[in-house]
Every structure is written in C-alpha cells, then in structure tokens.
Amino acid sequence: MIFGTPIGELLLLAALIVAGGLVTGLLAGLFGIGGGALIVPVLYEVFGALGVTDEVRFQLCVGTSLAIIVPTNVLSFRAHRERGAVVMEVVRTWTVPAIAGVAAGSAIAAFAPGAVLKLAFVLIASVIATKLLLGRESWQLSSSLPGRIGMIGYGFCVGLCSSLMGISGGSISNMILTLHGMSMHKAVATSSGLGVPISIAGTVGYVLAGLPQQALMPPLSIGFVSLIGFALMAPISSFTAPYGVRLAHALSKRRLEIAFGCFLLLACTRFLVSLVG
C-alpha cells in the first residue's frame, strides 16, 4: 500500500500516465497544443485513486496539466520555429494580454467548483470542433488580423480560456488565426509559440491559487500543482513532441483540420461523461 492505495493499482495508473504522456507529446507537435485536454482526464482518475477530495481535485488536474505542458510547448515551439512557420509578430502581440487572461482565469479557478471548468471546456471546444469539421474556406471574419485593440482582446480571451481549461491555448488561437485568413499550418506553429508563456504563467497562477488549500493536496504538491504528475508525464511528452511536428508538416491542411476536430470532440465527450457521473 502507498498513500492508502494498492501498489498494483498505482502501477496501472502510472502506466496510464506514461501512455498519456506519449500521446500528449504527439498531439502537442501535431496540433500546436500542449495536450491538456488529454492530461486532465488521466490525472482526474489518478488523483481520485489517491483519495484527493473533490473540492480541489479538478483544480489540481488543471494546474498540474499546465505544468506538464510547459516543456512540451517549448520543444514544439522550437521545432516549428526551425521550420520558419511561426508568425512571431502575433506571438509578441498576444503574450502580455494572454498572461493577463491567465491571471484572471487562475483567480476564478481558485473559487469556482470543478464543474464550471469542465463546462467551459466542453462549450469552447465544441465550437472549435464544429468550425474545423464543418467549416469552409469562406468561413472567415476577414483576410487579415485586427488592429491593436482587437489583438489585445484576442490575447486576453486565449489566456483566460486556457487557464480555465488547463490547456496552452492552441485550440483557441488556431480557430482565431484561421478565421482571419492564416493557413492551418502557420496557425498551429504560431499557437505553439503562444503556448509557452501561457503554460508558464498558468503554472505559477495555479501554484499561488492553491496555496490557501495546501492541506487538502496530496503529498509532493505545491498549490494546485502535483510534482508527481509533472515528473511522470512531462519528460515523456517532451520526447515525443518533435515527432508530432514532423507529422503535422506531412499532412494536408484538410486532414489536419479533421484530425484536430475529432480530437476535440473526443475530449468533450470525456468531460461530459464526468459531468453526468
């Protein structure tokens, strides 16, 4: 028994985390995301087996997810940038407002129940998936990105949603960029760059937000971030991220959109099941 849980059960859960880490890295490189939509459900089961109270369980999953995807995002961004696909002007313009959005999301997560965060994920991801699977080239707001005020608003929204959902914002920024005429490949690459400051700021925010409830956290946790979850999944997902980048540049635009949309729908289904249960 470890932490009151049979060793065999913990080994199974550890194996699930390792498997999740492999897929997470591929998804990060393929879609320009950190894989939080996959990490959160896996960690939700892990922390449940460890007896973490529902009062902080989902917040702990989101915070740990943001920490795990930090190195994954860094490697994914570097790989995309080497290929010259990242639009750095967008990354620079969105970084500060995105961090402000992350701070707001972290503050909300400190007081909102886990069901609110799950519902936010399902609603936003469903809209994105619908656009990807059913949308057409003609579905564009404009052929170029908006001015400074509009870009600041976009950056803040991406950061806020990312912080509430435990993701690096790739799914949201991809939709925004493609609606303004950017190719899917460039949108994915640019999103990976924005994911770096978002995931770092989100990790810090969830550490601080969880400190008042430290007594409810499992061993080796700092605020809403589990060091055990980070140590198990982060290295594996970081290793596989560059392979996802190679696959992204080998696929056609439409195939990439369909794959991304299907991934989001699967993630939405998982969260809906947990809400009903």
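Is W94 buried or exposed? Buried, at 1% relative accessibility. The scale runs like this: buried is under 20% relative accessible area, exposed is over 50%, and partly exposed is in between, using a 1.4 Å probe and protein chains only.

Some ground rules. This is a predicted model, where local features need pLDDT of at least 70, side-chain atom pairs count only at pLDDT 80 or more, and totals for chains, interfaces and linings use all residues. Residues are numbered from 1 along each chain as its sequence is written, and side-chain values use heavy atoms, with hydrogens and water left out.

Now the rings. Phe, Tyr and Trp rings (the six-membered one for Trp) pair if their centres lie within 6.5 Å; planes under 30 degrees apart are stacked, over 60 edge-to-face, the rest tilted. That rule gives three aromatic pairs. One of them is W94 with Y154: centres 6.3 Å apart, planes at 70°, so edge-to-face. W94 sits in helix 4 (residues 88–109) and Y154 in helix 6 (residues 148–165), so this pair ties together parts 60 residues apart in sequence. Helices here are DSSP runs of H or I, at least four residues, numbered from the N terminus.

Next, F239 and Y243. This pair is tilted, at 5.9 Å centre to centre and 55° between the planes. Both residues lie in helix 9 (residues 227–250), four apart, about one turn. F239 is exposed at 56%; Y243 is partly exposed at 43%.

Last, charges. There is one salt bridge (Lys or Arg side-chain nitrogen within 4 Å of an Asp or Glu carboxyl oxygen). D54 and R57 make it, 3.4 Å from N to O. They are three residues apart in helix 3 (residues 54–82), about one helical turn. D54 is exposed at 55%, but R57 is buried at 12%.

Technical notes: Helices (H or I, at least four residues) and strands (E, at least two) are DSSP runs, numbered from the N terminus.
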